[in-house]
Amino acid sequence: MSEIIVQPEAGRQFCTEAFMALNVPQKDAELVADNLVEAELRGLSSHGLSRTIFYVNKLAGGGFKPNPDIKKVQERTSSVLFDADNSLGAVAGKRAMQACIEKAKQTGIACAAVNNSNHFGIAAYYTMMALEHDMIGISMCNSVAKMSLFGGIDPVIGTNPISIAVPAGNHWPLVFDAATSHVALGKIMVADIENKQIPENWAMDSEGHLTTDPKAALKGALLPFGGYKGSGLAIMVDVFTAVLSGAEFGMHTQELRSDPEIGQGVGFWFGAIDIAAFQDPAHFKARMDQMIDEFKATRKAPDTSEILMPGEPEFAIKEGLLKTGFRIGPGVLSNLVSIRDRYNLKTNPEDWVRN
């Protein structure tokens with residue numbers, strides 16, 4: 001049985017070519033491509049190359065602007081609000097997080113918000129930017145209303161992910177990145193592309209019945225994780241990313257997969273905390289290592305070989321996939337081939353098939 005194995009640089013090259021074919025500047029195209037490949041390398045294929053077709057369709061239809069005029073709307077010493085002007089989400093996201101980090105260097109703690117934007121990839125992409133500066137990073141975004149609230153069956157809110165990244169010393173950083181739904185919407189989208197069933201506890205159909213059919217799930221509603229807990233967190237993310245920033249919230253957000261002429265109108269919120277504002281970063285990292293060592297040394301449940309910290313599986317996955325390349329499914333490959341043919345790209349995804 002053949003496999004489709006993508007080397008990271010080949011994936012970046014293809015996506016960069018595709019976005020540049022739609023008039024995205026090279027620097028921005030490379031950034032978005034890197035965001036998608038980073039998701040694949042961390043084992044998060046739901047946010048990887050499968051998203052390329054949707055970005056391309058939105059750029060072609062005018063829903064995403066290839067050359068947006070991203071502006072600062074309001075600014076204070078430790079805060080800034082950006083209007084993304086319907087940019088590719090990763091472009092506005094990186095600019096806002098960079099501004100947040102620079103402000104935190106001066107004030108200790110800073111935040112940045114973004115409105116009028118679109119899907120920004122994995123939330124950890126931005127929190128991990130803070131690690132390079134001995135800072136704690138926070139990021140969150142809202143998204144199209146595909147999740148029900150606790151006790152409801154209608155899709156009224158996004159899966160609204162949250163990420164927090166914290167540096168350590170000898171250990172990998174702690175990187176928490178999770179949707180407030182039981183599973184990321186992208187996993188259901190990939191299952192739909194690959195024509196695979198989904199577990200019964202992921203989503204409901206339009207009548208509120210649990211379903212294993214991804215098409216029915218996409219017409220119905222995803223379930224929040226942890227009942228009222230995930231539901232409550234999703235609402236709070238909408239407050240920070242949308243109500244506070246001026247972006248669309250709840251049922252006012254737009255689809256990524258359809259209506260190529262319409263942007264999503266979603267919002268982001270980023271935070272950066274300079275550890276040096278509280279204590280010596282080396283001392284902090286040593287204490288983080290101590291905490292991690294103590295946690296990992298505690299008694300394990302049956303059939304558990306190791307207690308893992310947030311982000312630890314993703315770092316281990318990336319180490320392996322940097323050597324071997326990552327796999328995509330035939331449905332995703334078919335979409336990429338259609339992009340190649342549509343825009344006469346040089347990179348041929350069919351070269352990635354291994355028999």
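The buried residues of helix H3 pack against helices H1 (8-20), H2 (26-41), H6 (185-193) and H11 (330-343); contact means heavy atoms within 4.5 Å. This is a predicted model, in which local features need pLDDT of at least 70, side-chain atom pairs count only at pLDDT 80 or more, and totals for chains, interfaces and linings use all residues. Residues are numbered from 1 along each chain as its sequence is written, and side-chain values use heavy atoms, with hydrogens and water left out.

H3 spans residues 52-61, and seven of its ten residues are buried (under 20% relative accessible area, 1.4 Å probe, protein chains only). Among them are Ile 53, Phe 54 and Leu 59. Just after H3, Gly 62 has a positive phi of about 95°.

Seven strands form an open sheet with mixed pairing, in the order E2-E3-E4-E10-E5-E6-E7. Strands pair if DSSP finds at least two bridges between them; helices (H or I, at least four residues) and strands (E, at least two) are DSSP runs, numbered from the N terminus. Strands E2 (71-76) and E7 (174-178) are at the edges with a single partner strand each, so one side of each lacks a neighbour in the sheet. From one strand to the next, the twist averages 10°. E6 (residues 162-166) runs antiparallel to E7, joined by five bridges, and Ile 162 is opposite Ala 178 in E7.

Two helices lie on the sheet; angles run from 0 to 180 degrees between N-to-C directions of lines fitted to C-alpha atoms, for helices over the stretch in contact.

| Helix | Strands | Angle |
|---|---|---|
| H5 (residues 124-131) | E5 (135-141), E6, E7, E10 (266-274) | about 165° to E5 |
| H9 (residues 281-296) | E5, E6, E7 | about 70° with E7 |

Notes. Buried < 20%, exposed > 50% of the residue type's maximum accessible area, 1.4 Å probe, protein only.
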